[in-house]
Amino acid sequence: MKYVDEYRDEASARRYLDALGRITTRPWYIMEICGGQTHTVVKAGIDRLIPENVQLVHGPGCPVCVTSLELIDKALAIARRPEVIFTSFGDMIRVPGSGADLLSVKAEGGDVRIVYSPLDAVKIAAANPDRQVVFFAVGFETTAPANAMSVVRARDLGLKNYSILSSQVLVPPAMEAILGAPGNLVQGFLAAGHVCAVMGYWEYGPIAEKYRIPVVVTGFEPLDLLQGITMAVAALEEGRHGVENQYSRAVTYEGNTRAQALIQQVFEVGDRKWRGIGEIPMSGLSLREEFAAFDAERRFQVEAITAEESAECIAGDILRGLKKPHECPAFGTRCTPDRPLGAPMVSAEGACAAYYQYGRTV
Amino acid sequence: MCLGVPGKILEMWDDPTGMTMGRVSFGGIVKEVCLATTPEAEVGQYVVVHVGFAISTIDEEEAERVFGYLEEMGELAELEIAEEGEAASA
Ligand code: SF4
């Protein structure tokens with residue numbers, strides 16, 4: 001496939017590994033934020049091929065993993081209602097809430113449907129005027145334009161039976177939460193290429209400046225990651241900080257300004273709870289007052305639901321890069337993809353699932 | 001879920017509400033995609049698509065850079081050595 005296969009070329013990968021070996025003189029901790037990148041890293045074994053001195057720390061960039069337990073419980077309460085068709089991306093279906101998951105609600109007779117796009121959920125709403133259609137709008141800035149568009153479309157089509165349960169989260173506040181936390185190891189970041197395709201990378205300049213770290217906007221194929229790591233290590237070795245763009249084929253400094261305007265139109269920034277991490281100030285998107293009619297939390301009055309997280313799952317440490325999945329006592333025993341205890345074991349982008357799938361136990 | 005995938009635009013049209021849509025091929029698998037925020041996109045071009053929504057167009061010239069970066073880096077290293085050499089002899 002064009003723009004995919006050529007970025008998996010082995011000879012080029014070798015050259016990057018050689019170059020990395022030559023320039024690395026000291027230990028460095030670099031975090032890849034995005035779960036999609038974690039998946040590529042573990043699948044291609046990049047973390048094992050690069051010099052031992054360079055440690056890749058896996059970040060919180062899996063929207064499935066960071067959606068709060070509370071919000072999953074709200075989703076379950078809404079999905080159980082007989083008038084509701086609950087729509088969601090496939091990987092949310094098996095994320096455990098306090099008691100159940102969406103799949104078990106479906107087994108009990110709930111109308112839970114997997115969709116590829118929020119725009120498909122709007123189509124379902126248009127085709128079922130006598131039912132309430134709810135979309136579980138999880139995701140980072142990458143997903144926000146599509147989720148916003150679904151709301152605008154529902155409004156333009158005059159639909160009264162469409163609403164979203166928003167679990168939109170933002171990357172820059174999470175980076176600051178990680179860098180500012182006691183015990184932080186991270187010295188450089190690979191920023192998530194597709195988040196930046198939407199948002200550009202102007203937001204990262206102040207963070208790179210404040211914490212004096214390199215931030216490299218990086219793509220998702222093995223060669224992208226190898227180049228991103230090389231750029232980050234080169235900056236660290238030379239004592240440089242600032243933002244660089246590896247993924248220039250898809251990312252510009254300004255980003256997609258139309259998509260940003262669409263997000264602005266529909267959502268406003270507010271505090272949000274991250275599963276395993278806790279509340280991060282100004283790190284989430286909620287519907288603006290103008291679009292309150294499309295807010296499932298208000299429509300179904302589930303605002304009051306709260307939940308306590310399982311004590312055994314150490315997802316919080318994993319999402320902050322303080323521990324690796326195999327250091328969790330439940331990993332691979334009481335927690336597997338078939339019987340996940342925590343969200344990072346569910347999604348293919350979750351660090352625990354990636355480690356399990358590719359047999360990482362040490 | 002969060003993966004964006006590059007695909008080639010086969011066809012474009014405006015739907016009844018004025019939203020630009022397209023058929024996009026991902027190595028043979030064809031999907032309907034919303035192109036509302038990538039006005040520069042044209043038939044035949046590649047876009048990065050995420051959950052049925054195009055988030056950016058792929059810049060063909062920039063796409064080659066991953067293969068030239070090491071040379072760029074190598075050249076810079078040589079320049080630096082040259083500069084240091086000059087500084088030492090000055
Ligand atoms: S292995 Fe399971 S229990 Fe342990 S941190 Fe990962 S998801 Fe949580």
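The centres of domain 1 and domain 2 of chain A, taken over C-alpha atoms, are separated by 17 Å in this predicted model. To find the two parts, follow the chain: the domain assignment places domain 1 at residues 1-310 and domain 2 at residues 315-357.

Now look at where these domains meet. On one side, 28 residues of domain 1 of chain A make contact with 23 residues of domain 2 of chain A. The size of an interface is often given as the accessible area lost when the parts come together. Here, domain 1 and domain 2 of chain A bury about 2,000 Å² between them, with 63% of that area on carbon and sulfur atoms. What is the count of salt bridges between domain 1 of chain A and domain 2 of chain A? The count is zero. On the domain 1 side, α2 (35-44), β2 (54-61) and α4 (63-66) of chain A each supply at least two of the residues that touch domain 2. The largest share of that side, six residues, comes from β2(A).

The largest nonpolar core has 132 residues, and A:I78, A:F86, A:F136, A:Y162, A:F189 and A:Y204 have the most contacts inside it. Helix α12 (residues 222-237) of chain A gives this core its largest share, eight residues. Both domains take part, as domain 1 and domain 2 of chain A each contribute at least three residues to this core. Apart from it lies another core of 12 residues, including A:V42, A:I318, A:C335 and A:Y355.

For a close-up, pick A:I78. Leaving aside residues up to four places away in sequence, A:I78 touches A:V84, A:F86, A:V134, A:L165, A:A296, A:F300 and A:V302.

Notes:
Residues numbered from 1 in each chain as written. Chains lettered and ligands numbered in written order. Predicted model: local features only at pLDDT ≥ 70, side-chain atom pairs only at ≥ 80, totals over all residues. Heavy atoms only, no water. Core = buried A, V, L, I, M, F, W, Y, C linked by side-chain atoms within 4.5 Å. Buried < 20%, exposed > 50% of the residue type's maximum accessible area, 1.4 Å probe, protein only. Helix = DSSP H or I, 4+ residues; strand = E, 2+ residues; numbered from the N terminus. Domains from an automatic or database assignment. Contact = heavy atoms within 4.5 Å. Buried area = accessible area lost by both parts, 1.4 Å probe. Salt bridge = Lys/Arg side-chain N within 4 Å of Asp/Glu carboxyl O.
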